[in-house]
Amino acid sequence: MASRVLALQSQGISMIPSREECLRVLKEHHVWDNIIEHCKRVTRNALFIGNKFIENGHPVDLKLLEAAALLHDICKKDEIEIIRKLNLDGPQIIEKIRSIGHGYLGESKMKELGYDELADLVKKHTMQYLLEEPELKRSRDETLILTYADSLDVEGKVNTIENAFKRYYKRYPHFNECLEQEEKEMYKVEKYVLEKAGIIFEDLLKLNE
Ligand SMILES: [Fe+2]
């Protein structure tokens with residue numbers, strides 16, 4: 001499949017994989033089932049918000065958003081396994097995450113598969129990346145929608161940023177300083193996305209029904 005994609009790209013034809021192709025790629029890469037389920041819920045969240053952007057007069061490439069949302073955590077398992085294997089502690093993880101974070105690994109994977117258009121979104125979707133490039137400098141609305149849609153998925157359903165971070169503070173006590181900054185940035189992303197979509201957070205709770 002990758003060679004067909006590369007052949008199309010050399011002819012200048014853009015290649016954004018369909019939902020079916022994305023799901024096949026996730027399976028081929030042995031992505032854990034719980035991560036695949038998370039990616040499906042994030043895609044549902046992202047498409048809901050993307051459609052609201054459009055209804056509110058702001059263009060969004062839904063095909064690009066759908067594919068990036070489905071594939072955004074394709075390398076999450078690799079990140080977890082590398083950290084485990086290297087037996088890293090808190091500060092070392094923060095340092096290392098800049099090179100082996102799943103956003104960066106995912107960016108390379110997208111390029112390897114010939115999905116160049118998805119690479120930037122996958123790289124930038126992570127909370128860690130919020131500290132490297134704050135929200136408004138991010139290139140596309142699709143990236144911010146994906147970052148927000150991802151952060152909303154807590155324990156299998158749409159939840160508040162506050163609850164998401166409460167969980168992270170408890171689970172990653174070494175990272176509390178970083179998490180505080182990420183939380184602040186995430187609230188800015190939330191404000192930007194909800195305003196542009198013309199919705200309030202409570203509208204997103206309908207997705208849990
Ligand atoms: Fe995710």
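**Notebook: core and helix packing**

I began with burial: 33% of the 209 residues in the protein are buried. The model is a predicted one. For secondary structure I noted 13 helices and 2 strands. I then looked at the contacts between residues at least 6 apart in sequence, and 70% of these join residues at least 24 apart.

**Core**

Next I looked up the largest nonpolar core, which holds 39 residues. Ala68, Ala69, Leu71, Ile145 and Ala149 have the most contacts inside that core. I listed the elements that contribute two or more residues to it: helix 2 (19-28), helix 3 (33-55), helix 4 (62-71), helix 7 (102-113), helix 8 (116-124), helix 9 (127-132), helix 10 (141-152) and helix 12 (176-197).

**Helix 8 and its cover**

Which residues of helix 8 are buried? I recorded Leu118, Leu121, Val122, Lys123 and Lys124. I noted two lysines, Lys123 and Lys124, in that list. The cover over the buried residues of helix 8 includes helix 4, helix 7, helix 9 and helix 10.

I followed up helix 4. Helix 4 packs on helix 8 at an angle of about 60 degrees, and the axes are 9 Å apart. The crossing of helix 4 past helix 8 is right-handed.

For the residues involved, I have Leu64, Ala67, Ala68 and Leu71 from helix 4 against Glu117, Leu118, Leu121 and Val122 from helix 8. By class I recorded 7 nonpolar, no polar and 1 charged residue in this contact. Ala68 and Leu71, on the helix 4 side, are among the residues with the most contacts inside the core.

**Helix 10 and helix 12**

At what angle do helix 10 and helix 12 pack? I noted about 115 degrees, with the axes 10 Å apart. That makes helix 10 roughly perpendicular to helix 12. Helix 10 passes helix 12 in a left-handed crossing.

Helix 10 brings Asp141, Leu144, Ile145, Thr147, Tyr148 and Ser151 to the contact. Helix 12 brings Met186, Val189, Glu190, Tyr192, Val193 and Lys196.

Technical notes:
Residues numbered from 1 in each chain as written. Predicted model: local features only at pLDDT ≥ 70, side-chain atom pairs only at ≥ 80, totals over all residues. Core = buried A, V, L, I, M, F, W, Y, C linked by C-beta atoms within 7 Å. Buried ≥ 20, exposed ≤ 12 C-beta atoms within 10 Å, placed from the backbone. Helix = DSSP H or I, 4+ residues; strand = E, 2+ residues; numbered from the N terminus. Contact = placed C-beta atoms within 7 Å. Axes fitted to C-alpha atoms, helices over the stretch in contact; angles between N-to-C directions. Left-handed = near helix turned anticlockwise from the far one by under 90°. Nonpolar A, V, L, I, M, F, W, Y, C, P; charged D, E, K, R; others polar. Parallel < 35°, antiparallel > 145°, perpendicular 65-115°, else oblique.
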